[in-house]
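Welcome, and please open the model in your viewer. We will go from one selection to the next.

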Amino acid sequence: MLLLAVVAGCANEVGPENERVVINVPDRFSYSINNLDEISDSERFEWENTGTRAEIEILQGISQGAALLSVQDAAGTILYRDDIADGNDTVTEEGVAGTWIIEVGFDGTSGAFSFIVSKDD
């Protein structure tokens, strides 16, 4: 029974079957993921933004659960935090340039989604 619980727990994490693609270059971060099946996991990325604002574009096909996107500036201030399923494109409030943190949290997420965070000119 213990083995079954461990195997079942691993099945709910992001893995190669999810075809995750991350492109992380200064002033542009893109993330896409597919084949989500009740995933509960989280990922954290450092991203260099030479600007003080970021534009966020979301394309989502979430059929179940939630996926939370959070963007923090170099001072640790959360400038954006929303459920990706809401599909809200936006521009963040002004923050501090430098190394920003992008976090993605999965809560029973099924489906697929992608987003781009880029320096707002």
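Which residues is Ser70 in contact with, leaving aside its neighbours within four places in sequence? Select Ser70 and you will find Ile78, Tyr80, Arg81, Ile101, Ile102 and Glu103, where contact means heavy atoms within 4.5 Å. This is a predicted model, in which local features need pLDDT of at least 70 and side-chain atom pairs count only at pLDDT 80 or more, while totals for chains, interfaces and linings use all residues. Residues are numbered from 1 along each chain as its sequence is written, and side-chain values use heavy atoms, with hydrogens and water left out.

Stay on Ser70 a moment: it lies in strand β3, residues 54–72 (strands are DSSP runs of E, at least two residues, and helices are runs of H or I, at least four, numbered from the N terminus). Ser70 counts as buried because its relative accessibility is 3% (buried is under 20% relative accessible area, exposed over 50%, partly exposed in between, with a 1.4 Å probe and protein chains only).

Next, select Asn18, in the loop between α1 (2–10) and β1 (21–25). Asn18 is buried too, at 1% relative accessibility. Beyond its neighbours within four places in sequence, the contacts of Asn18 include Glu13, Ile33 and Leu36. Now show the side chain of Asn18: one of its polar atoms lies 2.8 Å from the backbone nitrogen of Gly15.

Last stop: Ile23, in strand β1. Ile23 counts as partly exposed because its relative accessible area is 47%.

Conventions:
Polar contact = N/O pair within 3.5 Å; in protein donor to acceptor, adjacent residues only side chain to side chain.
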